[in-house]
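User: I am new to this structure and would like to learn how to read it feature by feature. Could you take me through it slowly, giving the idea first and then the case at hand?

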Amino acid sequence: MKKKKRLTLTQKRSLTGLTFILPWLIGFIIFYLRSLIMTVDFSFSTIEVNPQAGGYNQTFAGWENFRYAFQVHGTFKQVLTTSIGDILIDVPLIIFFSLFMALVLNRKFRGRTLVRAIFFLPVIMNSEAITAALDYSRQQLMGGLTAASAEVMEGSGGMSLDYYIDMFGSLGMPDMILEYIVGAIGRLTDIISASGVQIIIFIAALQAIAPSMYEVAKIEGATGYETFWKVTFPMVLPHIITNLVYTVVINFAESEIVTLSYSTIFSENNYGLGSAFALISTLIVCLILVIVVGFIQKRTFYYN
Amino acid sequence: MKKLGKTFRRLFHRQKQLNRSMAGNTLLFVLMGICGVFMALPLVMIANNALKPLDEIYQYPPKIFVRNPTLENFSDLFVLMNDSWVPFSRYIINTVIITGGGTVGHVLVASLAAYPLAKRNFPGKSIVFSMVVLSMMFSWTVTQIPNYMIISWLHINNNYLALILPAWQYGMGLYLMKQFMEQIPDSLLESARLDGASEFRVFWTIVMPNVKPAWLTLAIFQFQQMWGNTGSMYLRDEALKPLQFALQQITAGGAARAGASAAVTFFIAAIPIIFFLACQSNVLETMTTSGMKE
């Protein structure tokens, strides 16, 4: 201990930084990194459950699971592309909708708390407990109100939807955009109910903008439109990234591909293949996320 | 162009509030109304179901609003609660420990870790951060088996800690806190340091109050997550199980308990909403008074 060198200021600072992170890092390594590594390990092996002795036998299989996933498995590739396509469609819509709603809800008006609470409801409704409870009550109601209203929506929505598609199609709108919009309308309920958390994050971001900035903008004579693009939007942009990441994560967790790997693991007892599915899809979504976030980050203004 | 801007400005200035028009307000109101109804409908149904007598619950086609409201469902629920094998207060205490421990711990651990990630440079920072993002991406439904193995390896199986400790390390909270802390101007922290504040003091008295909306938001999420946790995977002792589990048992009781389970559903939904409302009113008042001046 006597020989201990005195630390330089930067070293000292980085040490304090590490002590702050430590409680999180230890838990992270124990609980998350380990299970991540185990899953990667499983995806390169064949797992056989051993009911007599208990536990399982693990034999190294190399790339066999990955080869099987892409070349032999019947539905994997198709499920993968549809779930990634769904994410690509849903995420921008959720972001725009929640930003818009946050802007509206951030205004001062009577009953604001109540309205905000209403928009937070879907977050609660999405939770496991409520979904389970709702399912039970739905069963008891023999396809009760929720199902009935969904049917009504579908019924009426379906009719007018076709009408609109025809109308815009005859106006010569490109099919790509048209399909996107039609898809968006079909997903309206999903999008509204999936944007509760994002709205809250955006509201918190809007709250974090110093009022003096708006004051300056007002004094300089900026219109509402200008204020939005020159003050609000740049200040909120970092949180668009936050929300983007959050939305992709949540959407991915609920996507078909995850369901597929889950069922491969737990109903077909093919742990190796299921882990491989999870690994492949996670890597692809991560890659997309890195590209998109990197693109936005370049345009982001940070305070300093 | 300039002239146009001026006339516009004059137009808007005539109204008391800037940039608001009657038509715009009406449009917004209608839009919000539609979306709001969409979102509120399930809750309205839950609330009304809780007040419906049995014959109305089974009515077909179902009605949204209750005709003859009773509190029978709630009294049924209390009877069922008193009949339970473990005293019901035990479930409530379990829930308070798990939800409280998970929420408070997560907010603290995540904020502590987020501060150096946002405002400090140290070796390995980018690696830590990319691990956070990767961990968020990896869906934990798939890693259930490794998770279980780790919990039993740590010998915290059948213990509150099995639910509380992993909850502290969710990547999302850290990510959220980091994003918000990045917005705090460096000069604010610098001035605190010049005044001789220790690093922890800077964190506790400057950073945390400034990101109060963020950590309150985080607390809302985390509460929501922990509240929904039945713990059926790790907790085997009935005396350790949370309220959520007991309530689901009642709900699963079948047709005879439809009334009580409607009351249960109402109860499950109501608590997080109350928590949200309590936090939300605090979120509103924070940033306006903070010392962010540049």
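Analyst: In this predicted model, buried residues make up 39% of the 294 residues in chain B. For chain A, which has 304 residues, 33% count as buried.

User: What does the secondary structure of chain B consist of, and what pattern does it follow along the sequence?

Analyst: Chain B has 14 helices and zero strands, and reading along its sequence gives the pattern α-α-α-α-α-α-α-α-α-α-α-α-α-α. In chain A the secondary structure comes to 13 helices and two strands.

User: How should I read the contacts in each chain by their separation in sequence?

Analyst: Take the contacts between residues at least 6 apart in sequence: in chain B, 73% of them join residues at least 24 apart. In chain A, residues 24 or more positions apart account for 70% of the contacts with a separation of 6 or more.

User: Which domains does the assignment give for chain B?

Analyst: The domain assignment of chain B gives domain 1, covering 23–70, and domain 2, covering 80–289. Their contact takes eight residues from domain 1 of chain B and seven residues from domain 2 of chain B. On the side of domain 1 that touches domain 2, helix 2 (22–51) and helix 3 (54–57) of chain B each supply at least two residues, and helix 2 of chain B gives the most, with five residues.

User: How is the packing of two helices described?

Analyst: In general, two packed helices are described by the angle between their axes and by the distance between those axes. Here, helix 3 (residues 76–105) and helix 12 (residues 256–266), both of chain A, pack at an angle of about 145°, with their axes 8 Å apart. Helix 3 of chain A brings A:V79, A:L80, A:T82 and A:S83 to the contact, while helix 12 of chain A brings A:E256, A:I257 and A:L260. The residues of this contact divide into four nonpolar, two polar and one charged.

User: Which residues touch the most other members of the largest nonpolar core?

Analyst: The largest nonpolar core has 93 residues, of which A:F202, B:A110, B:A113 and B:M177 touch the most other members. Helix 3 of chain A contributes the largest share of this core, with 10 residues. There is also a second, separate core of 20 residues, which includes B:I46, B:L247, B:A260 and B:F266.

User: What is B:M177 in contact with, leaving aside its neighbours within four places in sequence?

Analyst: With those neighbours left aside, B:M177 is in contact with B:A110, B:S111, B:A114, B:V211, B:A214, B:W215 and B:L218.

User: Is B:Y115 buried or exposed?

Analyst: The way to decide is to count the C-beta atoms around a residue, where 20 or more others within 10 Å make it buried. B:Y115 has 27 other C-beta atoms within 10 Å, and therefore B:Y115 is buried. Its place is in helix 5 (residues 88–119) of chain B. Not counting residues up to four places away in sequence, B:Y115 touches A:F20, B:M181, B:F203 and B:V207. As for B:G36, which is 79 residues apart from B:Y115 along the chain, the C-alpha atoms of the two are separated by 36 Å.

User: Where do the buried residues of helix 7 of chain B lie around its axis?

Analyst: In helix 7 (residues 144–153) of chain B, the residues B:P146, B:N147 and B:I151 are buried. They cover an arc of only 140° around the axis, so they lie on the same side of helix 7 of chain B. What covers these buried residues includes helix 1 (9–43) of chain A together with helix 8 (161–168) of chain B.

User: Which residue takes a positive phi just after helix 7 of chain B?

Analyst: Just after helix 7 of chain B, B:H155 takes a positive phi of about 60°, although B:H155 is not a glycine. B:H155 lies in the loop between helix 7 and helix 8 of chain B, and B:H155 counts as exposed because it has 10 C-beta neighbours inside 10 Å. B:N158 is also found in the loop between helix 7 and helix 8 of chain B, and B:N158 has a positive phi of about 60° although it is not a glycine. With 15 other C-beta atoms within 10 Å, B:N158 is partly exposed.

Technical notes:
Residues numbered from 1 in each chain as written. Chains lettered and ligands numbered in written order. Predicted model: local features only at pLDDT ≥ 70, side-chain atom pairs only at ≥ 80, totals over all residues. Axes fitted to C-alpha atoms, helices over the stretch in contact; angles between N-to-C directions. Helix = DSSP H or I, 4+ residues; strand = E, 2+ residues; numbered from the N terminus. Contact = placed C-beta atoms within 7 Å. Nonpolar A, V, L, I, M, F, W, Y, C, P; charged D, E, K, R; others polar. Core = buried A, V, L, I, M, F, W, Y, C linked by C-beta atoms within 7 Å. Buried ≥ 20, exposed ≤ 12 C-beta atoms within 10 Å, placed from the backbone. Domains from an automatic or database assignment. Arc of directions from axis to C-beta.
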